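Welcome! Take a look at the picture, then read on.

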Amino acid sequence: MVQELRQGEEILLPENPNPNLKDYEEARRTFKWEDVEKEFTWYHTGKVNMAYEAIDRHAESWRKNKVALIYVDREREVKYTFAEMKEHTARVAAALTSLGLEKGDRVFTFLPRSPELYVGILGIIKAGLVAGPLFEAFMETAVKDRLMDSGAKALITNAELLPRVPYRDLPDLEHVIVVGAKDLPPSDGKTKFYHYEELVAKAPRDFEPVWLTREDGMILHYSSGTTGKPKGIYHVHNAMIQQYITGKWVLDLKEEDVYWTTADPGWVTGTSYGIFAPWLNGATNLVRGGRFSPDDWYSTIEKYRVTVWYSAPTAFRMLMGAGEEVAKKYDLSSLRHVLSVGEPLNPEVVRWGYRVYKQRIHDTWWMTETGAHICVNFACLPIKPGSMGKPIPGVEIGILDDEGNELPPNTPGNLCIKTPWPSMFRKVWNNEAKYQEYFRFPGWYISGDVAMKDEDGYYWFLGRADDVIKTSGYRVGPFEIESKLVEHPAVMEAGVIGKPDPERGEIIKAFVVLREGYQPSEELKKELMEFVKKGLSAHAVPREIEFRDKLPKTRSGKIVRRVLKAWELGLPAGDLSTLED
Ligand code: WTA
């Protein structure tokens, strides 16, 4: 793997003559986080609120009539200036406050990418509440688990998605605000329903942000680990320091840019770099709704003269699959900086992008937990295709062995980050033990990834140390899917792994043991796939199911996914001494 990635070690030299970060080594030597803090209003006033720094501050400056948001899909185009964003987010904040919601309460969004989603998340934050964005693809169980665990008090959703919200089973959910509803379910003693259009339109447009401290809660992203249900990764307003500066250094945002990330706010990239980083930098932020389509995507770049574009390996691989001819139909010459995140970026894709887009694709590595970029390819440095680049100034990465000792270059080990950094998550919601698991080596955060540093200080991603699956960029935990599968009457046991796939990175494969009286069949496979899709979401569906008489287990009864993976890949299964038989 290492050899294959590093073979030939070609280098793509920097070609951006004027990046925001010009001298990486110098910045690493001299940079201090406090230099960035001085750029925020709160540094001088002591009053903190992300929504103020991202929107209101610009609306009160010469940027007030600059376009902040361009929203497009096949049906509509909506543009809001910073002044309009200030008003819209103020109305949401005022409406939520009028319902009696208070600082720190969790308010979720369950909406497709739409102006209401972006305004909604910032409005929640402006009111001092903690925003929890959900993917529109989530089905009932996924929605319920997250609202239940977080104790969400309010939800902003739309008429189409409302049927997937099991509000009767959610004791804490008091308010449901619905976009585009004809009629609403009757409010009962516990949950009240509101038309978004009435509640928000009636609210005042002057709303002073609820002033907080840097350590007050801002956003809660549910993300998957190996065991247990998805965990709530909790971020505070202080994260803005790192989100802002990486928007400058890594996205290389400048005043005249039109910036587009294809990421949905249900995923951390869609908030840290779909909302916070671009707007903290006062950029024009383009959002495209709807599904992936090469023609729609390229025509978006052409029509809006997109300059900075941030997407994911899966999307680049699909664009590559769609062929060079499709790309050639469009004028993509506005692009000047292209980035990728979420999974390893294949050297093949980097080379293709260089040829077809005439752009280096800058790989960036970070996690929901890190809140912002950690290890990236900078505009001012050479790119080694296959490498995720170097740590940002102010942050230190270590490659540690399993005892927590630092390893020398060219040795694979656990990718760890020296604590703390400004945008580090502050807790796992309701689960302090899970939070502590990340910090088993004193002074370090353990990412769960295996990586290596080369002699030039470039980092190379080698894999996960655990069973977390990355499929089409989505992070899914095997446990959640296994739990869903065993809810089906035909399933006695299930073990789920990621299987390498050229386009999706990995696909989900399930090994299933059936209950007595059920026979393996193609129909049953389809039924199980549909069952997971209906319960969780389309991206959690096992694309392959294999029936087995039994699964490899430890003596304590835990399914050993490592052995399933070895079966799948035809590899030796390793040490089996702790297995049942
Ligand atoms: C993987 C995404 C290789 C990694 C912002 C990490 C990557 C997990 C890269 C976090 C990359 C992310 N190269 N692998 N550039 N970026 N990953 O929380 O395994 O959805 O631990 O955050 O994705 O996934 P998450």
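The ligand is surrounded by 18 residues, and the closest are Trp-267, Asp-363, Thr-364, Thr-368 and Arg-475; a residue is near a molecule if one of its heavy atoms lies within 4 Å of it. This is a predicted model, in which local features need pLDDT of at least 70 and side-chain atom pairs count only at pLDDT 80 or more, while totals for chains, interfaces and linings use all residues. Residues are numbered from 1 along each chain as its sequence is written, and side-chain values use heavy atoms, with hydrogens and water left out.

**Around the ligand**

- Trp-267 places a polar side-chain atom 2.9 Å from an oxygen atom of the ligand; a polar contact is a pair of N or O atoms within 3.5 Å, and within protein one must be able to donate a hydrogen and the other to accept it, with residues adjacent in sequence counting only if both atoms are side-chain atoms.
- Lys-470 has a side-chain N or O atom 2.9 Å from an oxygen atom of the ligand.
- The protein buries 98% of the 530 Å² that the ligand exposes when taken alone (accessible areas come from the Shrake-Rupley method with a 1.4 Å probe, and for residues only the protein chains shown count as cover).
- Helix H11 (268-280), strand E14 (361-365) and strand E21 (459-464) each give at least two residues to the shell, and E14 has the largest share with 3 residues; helices (H or I, at least four residues) and strands (E, at least two) are DSSP runs numbered from the N terminus.
- Sorted by class, the shell holds 8 nonpolar, 4 polar and 6 charged residues; Ala, Val, Leu, Ile, Met, Phe, Trp, Tyr, Cys and Pro count as nonpolar, Asp, Glu, Lys and Arg as charged, and the others, Gly among them, as polar.

**Helix H5**

- Helix H5 (residues 50-59) is largely enclosed by the rest of the structure, because 9 of its 10 residues are buried (buried means under 20% relative accessible area, exposed over 50%, and partly exposed in between, with a 1.4 Å probe and protein chains only).
- The cover over the buried residues of H5 includes helix H4 (41-45), helix H6 (82-98), helix H7 (115-126), E8, helix H10 (240-249) and H11; contact means heavy atoms within 4.5 Å.
- At the start of H5, a side-chain oxygen of Asn-49 comes within 2.8 Å of the backbone nitrogen of Ala-51.

**A buried aspartate**

- Asp-216 sits in the loop between helix H9 (196-202) and strand E8 (217-223), and Asp-216 is buried at a relative accessible area of 17%.
- The Asp-216 side chain reaches the backbone nitrogen of Thr-213 at 2.8 Å.
- Leaving out residues up to four places away in sequence, Asp-216 touches Lys-103, Tyr-234, Val-236 and His-237.

**Backbone exceptions**

- Most residues other than glycine have a negative phi, and most peptide bonds are trans.
- Asp-252, although not a glycine, has a positive phi of about 60°; Asp-252 is in the loop between H10 and strand E10 (258-261) and is buried, with a relative accessible area of 0%.
- Ser-472 also has a positive phi, about 50°, although it is not a glycine, and Ser-472 counts as partly exposed at 26% relative accessibility.
- The peptide bond from Thr-419 to Pro-420 is cis, with omega near -10°.
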